[in-house]
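Please take a moment with the sequence and the model before reading on. The paragraphs that follow move from the whole chain to a few of its residues.

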Amino acid sequence: MLPRGASARLLRAVIMGAPGSGKGTVSSRITRHFALKHLSSGDLLRDDMLRGTEIGVLAKTFIDQGKLIPDEVMTRLTFHELKNLTQYSWLLDGFPRTLPQAEALDGAYQTDTVVNLNVPFEVIKQRLTARWIHPASGRVYNIEFNPPKAVGIDDLTGEPLIQRDDDKPETVVKRLKAYEVQTHPVLEYYRKKGVLETFSGTETNKIWPHVYAFLQTKVPQINQKASVTP
């Protein structure tokens, strides 16, 4: 429940976190408990590319060339969707990712709060590199949570497991460094504006109650009896 004196106006929020930080899990819990719409720029992009929209076709040309999608394309894509959500509180996920995107967003909407998930890179690296797959069946193993009975071997066929390129330590480190370089100016920008709320930890289940308690002061809950547990 919103405390007395807290604003009941629509919330404009952003969630940030490196790949593997638990951002997807936290976002889905937020939308389950609170009255706001979750907008993932990655999902939007995939949807537009699938439907062959003008923005989707444009974005695909950059992806096919191995290039980053320009800020103006991502901004157009997101703003097009936000126009349909003027009556709702919303949570942006994956946008803004660069300083020009953050400035463009601020030019159109007032960003009220930025939830930043700060998980040590070492922990994320461990999480992401623990995944191995059996290529023929698509069976996925996790060395920490769901290990194969014999190291590097599929339980059912006895065939070797492989690690996807995306899950290899060197690739994970590269992705995390790229994220840090790209988003550091964005976090600084929001810190200076006084809207950045950073939640640090190594486990999503331990970070979540703090995010939950913070958002209770900002936006109505869907179910007042909703539990703080996942």
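Predicted model: local features only at pLDDT ≥ 70, side-chain atom pairs only at ≥ 80, totals over all residues.

Two residues are said to be in contact when heavy atoms of theirs lie within 4.5 Å.

Of the 230 residues in the protein chain, 40% are buried. The accessible surface of the chain comes to about 12,800 Å², and 55% of that surface belongs to carbon and sulfur atoms.

From the whole chain we can turn to its aromatic rings, which count as a pair if their centres lie within 6.5 Å, and as edge-to-face if their planes are over 60 degrees apart. By this rule there are seven aromatic pairs. In one of them, the rings of Phe 79 and Tyr 109 have centres 6.0 Å apart and planes at 85°, and therefore the pair is edge-to-face. This pair joins distant parts of the chain, since Phe 79 belongs to helix H4 (residues 71-82) while Tyr 109, 30 residues apart from it, is in the loop between helix H5 (99-108) and strand E4 (113-118). Ring pairs also link Phe 79 and Tyr 109 with Trp 90 and Phe 95 into a cluster. Is Tyr 109 buried or exposed? Its relative accessibility is 19%, so Tyr 109 counts as buried. Another ring, that of Tyr 88, has the charged end of Lys 37 sitting over it, 4.6 Å from the ring centre.

The loop between H5 and E4 also holds Asp 112, a residue which, because its relative accessibility is 15%, counts as buried. Which residues is Asp 112 in contact with, leaving aside its neighbours within four places in sequence? They are Arg 9, Leu 10, Leu 11 and Arg 12, together with Val 195. A separate distance concerns Ile 222, which is 110 residues from Asp 112 along the chain, and here the two C-alpha atoms are separated by 20 Å.

Key:
Residues numbered from 1 in each chain as written. Heavy atoms only, no water. Phe/Tyr/Trp six-rings, centres within 6.5 Å; stacked < 30°, edge-to-face > 60°. Helix = DSSP H or I, 4+ residues; strand = E, 2+ residues; numbered from the N terminus. Buried < 20%, exposed > 50% of the residue type's maximum accessible area, 1.4 Å probe, protein only. Lys NZ or Arg CZ within 6 Å of the ring centre and 35° of its normal. Areas by Shrake-Rupley, 256 points an atom, 1.4 Å probe, with all protein chains shown as cover.
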